[in-house]
Amino acid sequence: MRILASAVLTIATVFAAAPAPAQTYDPNYPVCLHLFARDGDYFQCAYFSLAQCARSASGRAATCVVNPYFAGADVPAAPRHRRHRRAY
């Protein structure tokens with residue numbers, strides 16, 4: 001029974017230690033070029049505007065996407081005045 005439990009634990013550890021994928025988006029750029037290649041798709045985040053990215057994507061199997069992880073994105077401001085309910 002101990003051998004079976006040890007074997008199951010070893011197999012589970014091997015499968016859990018699989019390599020993790022790298023970060024897809026670079027948070028320093030607002031626009032990414034999504035390239036479609038034979039060996040797999042990948043993102044190249046190095047553009048400041050959609051027009052700049054579109055010029056690079058022209059004639060290639062690629063499309064431009066907005067970077068959802070852009071670190072310079074504007075954060076909505078908090079309301080200036082809070083309204084409080086009266087406690088009765």
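Modeller: Contact here means heavy atoms within 4.5 Å. This is a predicted model, where local features need pLDDT of at least 70, side-chain atom pairs count only at pLDDT 80 or more, and totals for chains, interfaces and linings use all residues. Residues are numbered from 1 along each chain as its sequence is written, and side-chain values use heavy atoms, without hydrogens or water.

Biologist: Which residues is A62 in contact with, leaving aside neighbours within four places in sequence?

Modeller: A62 is in contact with L33, H34, L35, F36 and A57.

Biologist: What makes up the largest nonpolar core?

Modeller: Seven residues: V31, L33, L35, Y47, C53, A57 and A62. β1 (31-37) and α2 (50-57) each give two or more of them. β1 gives the most, with three. A nonpolar core is a set of buried Ala, Val, Leu, Ile, Met, Phe, Trp, Tyr and Cys residues joined through side-chain atoms within 4.5 Å.

Biologist: Why is M1 called exposed?

Modeller: Exposed means over 50% relative accessible area, buried under 20%, partly exposed in between (1.4 Å probe, protein chains only). M1 has 84% relative accessibility, so M1 counts as exposed. M1 lies in the segment before α1 (2-16).

Biologist: How much of the protein is buried?

Modeller: Buried residues make up 15% of the 88 residues.

Key:
Helices (H or I, at least four residues) and strands (E, at least two) are DSSP runs, numbered from the N terminus.
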